[in-house]
Amino acid sequence: MFLTRLILKFYALLRLFLGKNARTAWISHPACAGHEPGANHPDSPERISSIEQALRRSGVWQHLQTVEAEEISDMRLALAHTSKYLNRLESCRPENDKIFRLDDDTVISKNSLSAARFSVGSVVQAIDMVMNRQAWHAFCAARPPGHHAGSGNAGGFCLLNNAAVGTMYALAEYRLNRIAVIDFDVHYGDGTAEILKNDSRILFFNLFETDLFPFPENNNMPDGENMVHLPFPPGTGSRAFRKAVRRQWLPRLAAFKPELVLLSAGFDAHRSDESGRLNLHEADFAWLTYKIIQTASSCPGKIVSVLEGGYTLESLSKSAVEHIRVLAGLGKSDTVTAYQKNLYRNRNKRFTKPKSL
């Protein structure tokens, strides 16, 4: 605990040294609410507003600097997506209140592409801010999500790949040699893996539940030196999750010594989220965030987190608040502290997801 307090005090002093504008940034745009995939679609426009409201209630909001995202340019989108694919998306844009279905789950409404372009723009803007010491970490409240979008295809609610475009932009703009991309969404980030595979400048960490869309074990997951896959069976809980991260992720991340870290922050591995079957708690996202910050000490203040999944509003907002609280250097909430004490007090017991879910 003493070491934790010392590290947090160091972060606070460094942020003070860098200036008040170096506070953790919340970057979004009202256009992100314009993606309207339908009344029963999991990716509802309320996802971002529910996180913001929870941040305000928790008191974290006042410690953030809020930034309005800028729209991404076609030239920067082309760093990760083919021109043929981008032209196809434009041609599919419907009029008025209609919806165009790219597949069973992925749709385009009238303002969806605008939402996606501002979402990617938020990531580029966040990278500029952390690289130029205008922010100490950043969270991009992006919507629609992006990690299933490949270089030439949409899928899994995703149109444009926010994290992949941001990664390629950082490589090109800042001439970085080592970027860690960490995807902890419950679904395998197949689009990001396809775009980033075989690039030795990137180390891609990918956590996911097995036997869940996009069924990676049946679809030849890209493998290689820059891929660190971490599959979990349904029902995996906090203790197994933390043990696997400690053993399989953290040593590789420390050895890689990243110059920038991008997080594909999905919160649908929470036990209450109906889209997955893992058994995590919001405290696990706080723990993971802290461990990433601690391990990626080679790039202090240079973590950009991008919202991916999380579709049950209550668990999404609680998990995102704990994640952002740690990014902002505000320590653990009472909820997280109590959960962690209980977790280690009852090491031989297993948490089970309620049968109703």
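## Close-up views of a predicted model

**Overview. Confidence across the predicted chain.** The protein chain averages a pLDDT of 92. Of its residues, 91% score at least 70. Residues 353-357 fall below 50 in pLDDT. Beyond near neighbours in sequence, this stretch still has 10 contacts in the model. The coordinates shown in every panel come from a predicted model.

View 1. Helix α11 spans residues 334-345, 12 residues in total. From first C-alpha to last it reaches 16 Å, close to the 16 Å expected at 1.5 Å a residue. Its buried residues are Val336, Tyr339, Gln340 and Leu343. These four lie on the same side of α11, because they cover an arc of only 95° around the axis. On the other side of α11, Asp334, Lys341 and Arg345 are exposed. The cover over the buried residues includes three helices: α8 (238-256), α9 (282-295) and α10 (313-327).

View 2. Threonine 312 sits in the loop between β10 (303-307) and α10. Its relative accessible area is 23%, so threonine 312 counts as partly exposed. Leaving aside residues up to four places away in sequence, threonine 312 touches Ser272, Asp273 and Glu274.

**View 3. Histidine 29, a buried loop residue.** Histidine 29 belongs to the loop between β1 (25-28) and α2 (46-58). With a relative accessible area of 16%, histidine 29 is buried; the cut-off for buried is under 20%. The side chain of histidine 29 reaches the backbone nitrogen of alanine 31 at 2.9 Å. Histidine 29 also touches Glu68, Ala69 and Phe118, with residues up to four places away in sequence not counted.

View 4. The peptide bond from arginine 143 to proline 144 is cis, with omega near 5°. Proline 144 is placed in the loop between β5 (138-140) and α6 (162-174). A cis peptide bond also joins phenylalanine 213 and proline 214, where omega is about 5°. The loop that holds proline 214 runs between β7 (202-209) and β8 (227-232).

**View 5. Two asparagines with positive phi.** Asparagine 96 is not a glycine, yet has a positive phi of about 55°. The loop between α4 (83-91) and β3 (100-101) contains asparagine 96. Asparagine 96 is exposed, with a relative accessible area of 54%. Asparagine 198 likewise has a positive phi, of about 65°, although it is not a glycine. Asparagine 198 lies in the loop between α7 (190-196) and β7. At 63% relative accessibility, asparagine 198 counts as exposed; exposed requires over 50%.

**View 6. Aromatic pairs, with phenylalanine 205 and tryptophan 249 in focus.** Across the whole structure, a search finds 11 aromatic pairs. In one of them, the rings of phenylalanine 205 and tryptophan 249 have centres 5.6 Å apart. Their planes meet at 70°, so the pair is edge-to-face. Phenylalanine 205 lies in strand β7 and tryptophan 249 in helix α8, so the pair ties together parts that are 44 residues apart in sequence. Both phenylalanine 205 and tryptophan 249 are buried. Phenylalanine 232 and phenylalanine 241 form another aromatic pair, a tilted one. Here the rings are 6.1 Å centre to centre, with 55° between the planes. Phenylalanine 232 and phenylalanine 241 are both buried.

**View 7. An aromatic cluster.** Trp26, Trp61 and Phe139 form one aromatic cluster.

Technical notes. Residues numbered from 1 in each chain as written. Predicted model: local features only at pLDDT ≥ 70, side-chain atom pairs only at ≥ 80, totals over all residues. Heavy atoms only, no water. Expected span 1.5 Å × (residues − 1). Buried < 20%, exposed > 50% of the residue type's maximum accessible area, 1.4 Å probe, protein only. Arc of directions from axis to C-beta. Contact = heavy atoms within 4.5 Å. pLDDT = per-residue confidence, 0-100. Polar contact = N/O pair within 3.5 Å; in protein donor to acceptor, adjacent residues only side chain to side chain. Phe/Tyr/Trp six-rings, centres within 6.5 Å; stacked < 30°, edge-to-face > 60°.
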